[in-house]
Amino acid sequence: LRLRSMFRDDVQSIHPQSEMGTENPEADEAMLRLQVRTSLANLPKPQNEIEIAPPEVDENGDTTMGGVGGEIEEDAEDIAKRKEEEEKARLEMERRKRSKVVQAGGVLPRLLFVNTLVLTPTEGDKTGKGAEELQAAEAEVLDEMKKLIFRDAIEFPPTRDAPRPPETPEVEDISLEALERAAAELDAETEFLQQQMQHVDVAEEKVMKAWQESLDAFAYAPSQKRFIPAHQLPRGDRVETVRRQLDELRDQLLRDSERRTKLEQRLGVKTHGYMKRSRTALKSTEEHFKALQDEEMKYFSYAYLHEIERMAVQRRLDEERVRAEKTSDSHAQLQALFARLKNDKRDLLDALQHANAIEDEEGGVQVVRVNGHGDHQMNGVSSVDSD
């Protein structure tokens with residue numbers, strides 16, 4: 001109402017009632033609205049002029065459109081993709097800089113503790129030519145090995161509860177190219193030594209056996225809280241050592257069980273649809289297989305009955321053939337007997353007629369007549385001729 005009154009006031013201020021020619025405000029308002037709508041309808045429709053202009057390329061092949069220095073500005077997707085590729089390249093370079101045992105990812109065996117006793121320089125002959133340089137090089141190599149082993153034990157422990165050194169040693173950051181050149185030289189030297197010393201490839205079983213023997217050669221002494229050679233282990237610590245090994249194996253078994261349970265749950269979530277379809281397909285397959293077995297049983301049953309009936313039909317055909325032959329022989333004999341008797345009857349009738357004819361000629365008193373059925377009448381008395 002307030003908006004309507006304001007609109008009416010503005011209209012009245014522009015067009016007084018004397019000029020509009022009517023005293024009805026609503027009619028005036030409707031008329032003004034119609035005029036405004038009519039005037040706006042005559043306006044031209046707006047046109048959206050869109051021009052697709054490719055970036056200009058100069059003579060050197062550089063673009064001159066957008067960006068700093070004439071380069072095309074990257075969008076958010078290109079930036080994220082570039083950062084992801086850079087991160088992958090950085091992680092790959094870091095992975096290739098790690099030690100071989102860490103790169104193997106658990107394939108190669110690793111000790112559960114860092115034993116630096118075996119990484120001490122050997123005391124050799126110091127009077128020979130270059131002995132001091134060899135000992136200095138050996139000490140430097142062993143020191144670098146200690147640093148790498150400590151770093152791997154801290155950053156990449158073999159197990160969750162494995163003992164770790166107190167701090168990470170500083171390791172020199174060597175470029176990947178230098179590492180690759182050193183690895184190539186080491187491989188060449190290894191191959192040369194293998195040929196000179198006539199080393200052969202050792203079977204995996206022997207390697208694992210030697211590894212297990214080396215592990216069994218040391219044992220953890222609870223009283224000293226460190227690993228010592230097994231033959232130096234006090235008698236009182238042996239039971240505790242075995243108990244500790246049993247606890248470690250039990251903990252490892254529990255961790256593996258938890259990990260297996262989580263993997264099974266994750267696998268069940270990811271393959272739920274496939275497992276459901278697999279169960280449906282398996283159920284359908286079992287039903288079809290059962291129906292196939294039923295149909296096979298019916299088929300074999302009917303086939304067995306068909307074979308029995310075929311043999312029975314053949315047997316009945318043979319019996320009926322024998323019976324038909326017997327019946328045919330019997331009928332043939334009866335027909336032959338009937339023909340013989342018929343001939344005998346005809347002969348007897350002829351003989352009887354001849355005898356009657358002779359008696360008639362002689363004028364005898366008795367007259368014998370033969371009717372059409374072969375009955376004889378003598379002096380009014382009927383008698384049947386017996387065949």
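**Whole chain.** I worked from a predicted model. I counted ten helices and five strands in the chain. I then looked up burial, and 9% of the 387 residues count as buried. For the accessible surface I have about 33,500 Å², with 55% of that area belonging to carbon and sulfur atoms. I also looked at contacts with a separation of 6 or more, and residues 24 or more positions apart account for 31% of them.

**Helix H6.** I noted that H6 runs over residues 131-155, which is 25 residues. From first C-alpha to last, H6 reaches 36 Å, close to the 36 Å expected at 1.5 Å a residue. Which residues of H6 are buried? I listed Ala131, Leu142, Arg151, Asp152, Ala153 and Ile154. I next looked up what covers these buried residues, and the cover includes helix H4 (76-97) and helix H5 (100-103).

**Ser99.** I found Ser99 in the loop between H4 and H5. Is Ser99 buried or exposed? Its relative accessibility is 17%, and buried means under 20%, so Ser99 counts as buried. Leaving out residues up to four places away in sequence, I found that Ser99 touches Arg151 and Asp152. Both Arg151 and Asp152 are among the buried residues of H6.

**Helix H7.** I put H7 at residues 176-197, 22 residues in all. H7 reaches 31 Å between its first and last C-alpha, close to the 32 Å expected at 1.5 Å a residue. I checked what follows H7 and found Gln198, with a positive phi near 55 degrees.

How values were computed:
Residues numbered from 1 in each chain as written. Predicted model: local features only at pLDDT ≥ 70, side-chain atom pairs only at ≥ 80, totals over all residues. Heavy atoms only, no water. Helix = DSSP H or I, 4+ residues; strand = E, 2+ residues; numbered from the N terminus. Expected span 1.5 Å × (residues − 1). Buried < 20%, exposed > 50% of the residue type's maximum accessible area, 1.4 Å probe, protein only. Contact = heavy atoms within 4.5 Å. Areas by Shrake-Rupley, 256 points an atom, 1.4 Å probe, with all protein chains shown as cover.
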